[in-house]
Amino acid sequence: MKILVTGGAGFIGSAVVRLAVSRGHQVVNLDALTYAANLENVADVADSPLYAFEHADIRDRAALDRILATHRPDAVMHLAAESHVDRSIDGPGAFIETNITGTYNLLEAARGYWLCEGRPEGFRFHHISTDEVFGSLGPTGQFTETTPYDPRSPYSASKAASDHLVRAWHETYGLPVVLTNCSNNYGPYHFPEKLVPVVILNALHGREIPVYGDGGNVRDWLYVEDHADALLLCMEKGAVGRSYNIGGENEATNIDLVRMICAHLDTLRPQAAPHERLIRFVADRPGHDRRYAIDPSRIRDELGWHPSVTVDEGLRRTVAWYLDNESWWRPLLDREGVGQRLGTG
Ligand SMILES: NC(=O)c1ccc[n+]([C@@H]2O[C@H](COP(=O)([O-])OP(=O)(O)OC[C@H]3O[C@@H](n4cnc5c(N)ncnc54)[C@H](O)[C@@H]3O)[C@@H](O)[C@H]2O)c1
């Protein structure tokens, strides 16, 4: 298949690009190269005849029309987004423009292209979204695909809006869409402003490890390479108009996750005292959702997918990757906002 991946220079998009090329798909990576992007993430496939890069912004409709007409993809996998909740608190405008208006542009461009091509039945517009659209859970229960939307941050509200647009383009215009809502990803090539790489890199440098609030916020941790595998499956085999929740079946509180990372560092890069000594509880994020949990029954029962690694094994691989790839992360530490406390409201 020929797949147009938006946001393919980011964390999850690059995992999709690498996996898709390794499986023999042709991939066109469309990315605006914002602060969160890094073309090093796709260096392994950059010379492949199956890979092409288009430097473009999803807010630029003319560019989208040109790219679709030039490459004539069989599917669009839409991952381009502003993705950091803390940044959405400080500057929500970019989230509205890219996540909502950008998705609208891409939908219209894809609809125009699909109509021009004679409405091919096999065409797919796969929208990649988050479990954060469902809001915050109490101590029990899980999000299913029919859980009502209840977003609570500018980021999750913008993603919820984009999900609604994608469903509307299916119901109103018949565009063959698939949606996925996944839980927190972690793994190699994760930009060093998100929790897991912040913990690894602060611990390595002997700096304090900040944990928001009491550290009791629960997330369902999904290894990024498992996520990329699930995404390709949903794009190829998912039912048109259907959404699939993707989880790692790995619920953990933030503090437990941080302690697991410290334990792997103690093994792989021991210091005189355990890395846990660096943990500090800091002021919580405003509106910090308490718990997310995914009910993965639909993707498991209908598509036969389940995650391949436990959070402990995924974290071990991730810590080892950061230890082996300083040349990847070191230059990113100089990017705007990295290493600073953002989103305090
Ligand atoms: N990281 C997670 O844990 C997680 C969880 C659930 C869902 N998601 C969703 O998955 C997708 C990818 O997330 P990620 O963590 O890889 O994000 P990321 O921030 O690492 O990467 C986003 C990519 O999109 C590109 N981009 C941003 N604005 C653009 C624009 N206007 N035009 C073109 N490209 C643009 C960036 O340059 C970057 O390469 C997002 O839609 C996000 O909402 C992420």
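1. At least two residues of the shell around the ligand are supplied by each of α1 (11-22), α4 (93-116) and β5 (124-130). The largest share, 3 residues, comes from α1. Helices (H or I, at least four residues) and strands (E, at least two) are DSSP runs, numbered from the N terminus.

2. The model is predicted: local features need pLDDT of at least 70 and side-chain atom pairs count only at pLDDT 80 or more, while totals for chains, interfaces and linings use all residues. Residues are numbered from 1 along each chain as its sequence is written.

3. Around the ligand there are 30 residues, of which Gly7, Gly10, Ala32, Ala37 and Ala81 come nearest. A residue is near if its C-beta atom, placed from the backbone, lies within 6 Å of the molecule. By class, the shell holds 14 nonpolar, 11 polar and 5 charged residues; Gly counts as polar and Ala as nonpolar.

4. An unreviewed UniProt entry lists residues 4-318 as "domain: NAD(P)-binding"; such annotations may be inferred rather than shown by experiment. This span is 40% helix and 17% strand, and its end C-alpha atoms lie 27 Å apart.

5. Helix α8 (residues 254-268) and helix α10 (residues 311-324) have axes, lines fitted to C-alpha atoms over the stretch in contact, that come within 9 Å and cross at roughly 55°. The pair is therefore oblique, the class left after roughly parallel (under 35 degrees), roughly antiparallel (over 145) and roughly perpendicular (65 to 115). The contact of α8 with α10 has 8 nonpolar, 1 polar and 2 charged residues.

Notes:
Axes are lines fitted to C-alpha atoms, for helices over the stretch in contact, and angles run from 0 to 180 degrees between N-to-C directions.
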